[in-house]
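Have the viewer open while you read.

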Amino acid sequence: MNSSSAYHFRPGAIDALAAHHNLQTENAVAGFLGVNLDQLGQLRHGALVGLPMAMRVSTLTGFDYKFSPWLETVVSEPAA
């Protein structure tokens with residue numbers, strides 16, 4: 001059975017990622033995450049992301065996306 005999941009960054013997670021990876025500008029943070037500055041602002045305010053972004057963060061940080069300290073699952077339901 002397939003499932004559809006959505007995630008959002010935990011509060012403070014983007015700032016923690018930036019500090020951990022010594023990303024000192026918003027442009028550097030956006031580039032690290034593979035988004036533009038507008039999208040970064042949306043992520044900071046709880047925008048949902050899908051599995052591709054969860055996997056990207058997982059790959060960049062070495063954490064399993066299902067147990068990431070950076071992301072939180074907000075939707076997980078069977079696909080139609």
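In helix α1, which spans residues 13-20, the buried residues are Ala13, Ile14, Leu17 and Ala18. These four sit on the same side of α1, because they cover an arc of only 140° around the axis. That arc is taken from the directions that run from the helix axis to the C-beta atoms. Turn to the face pointing away from the buried side and you find Ala19 and His20, both exposed. Here buried means under 20% relative accessible area, exposed means over 50%, and partly exposed is in between (1.4 Å probe, protein chains only). Just past the end of α1, Asn22 has a positive phi of about 55°.

Some bookkeeping before going on. This is a predicted model, in which local features need pLDDT of at least 70 and side-chain atom pairs count only at pLDDT 80 or more, while totals for chains, interfaces and linings use all residues. Residues are numbered from 1 along each chain as its sequence is written, and side-chain values use heavy atoms, with hydrogens and water left out.

## The chain as a whole

The protein chain has four helices and two strands, and in sequence order they run β-α-α-α-α-β. The radius of gyration is 13 Å, close to the 12 Å that the globule rule gives for 80 residues, so the chain is as compact as a globular protein of that length. For the record, that radius is taken over C-alpha atoms, and the globule rule is 2.2 Å times the number of residues to the power 0.38. Helices (H or I, at least four residues) and strands (E, at least two) are DSSP runs, numbered from the N terminus.

Along the principal axes, the C-alpha atoms fill a box of roughly 40 × 25 × 20 Å. Of the 80 residues, 32% count as buried. The accessible surface is about 5,100 Å², with 53% of it belonging to carbon and sulfur atoms; areas come from the Shrake-Rupley method with a 1.4 Å probe, and for residues only the protein chains shown count as cover. Among contacts between residues at least 6 apart in sequence, 62% join residues at least 24 apart, where contact means heavy atoms within 4.5 Å.

## Salt bridges

Side chains of opposite charge can pair when their charged atoms come close. How many salt bridges does the structure hold? There are three, each one being a side-chain nitrogen of Lys or Arg within 4 Å of a carboxyl oxygen of Asp or Glu.

| Pair | N to O distance |
|---|---|
| Glu72 and Arg10 | 3.5 Å |
| Arg44 and Asp15 | 2.6 Å |
| Arg44 and Glu26 | 2.8 Å |

The bridge between Glu72 and Arg10 joins distant parts of the chain: Glu72 is in strand β2 (residues 71-78) and Arg10 is in the loop between β1 (3-9) and α1, 62 residues apart. Glu72 is partly exposed at 29% relative accessibility, and Arg10 is partly exposed at 32%.

Asp15, Glu26 and Arg44 are linked in a network of salt bridges. Arg44 counts as partly exposed, at 31%. Asp15 is partly exposed at 46%, and Glu26 is partly exposed at 40%.

In soluble globular proteins, nonpolar side chains tend to be buried together. In this model the largest nonpolar core has 21 residues, and those with the most contacts inside it are Phe9, Leu33, Leu43 and Leu71. The elements giving two or more residues to this core are β1, α1, α2, α3 and α4 (51-61). A nonpolar core is a set of buried Ala, Val, Leu, Ile, Met, Phe, Trp, Tyr and Cys residues joined through side-chain atoms within 4.5 Å.

Which residues does Leu43 contact, leaving aside its neighbours within four places in sequence? They are Phe9, Ile14, Leu33, Val35, Val49 and Met53.

## Helix α4

Met53 also turns up among the buried residues of α4, together with Ala54, Val57, Ser58 and Thr61. Why are they on the same side of α4? Because they cover an arc of only 140° around the axis. Pro52 and Thr59 are exposed on the other side of α4. Just after α4, Gly62 takes a positive phi of about 80°.
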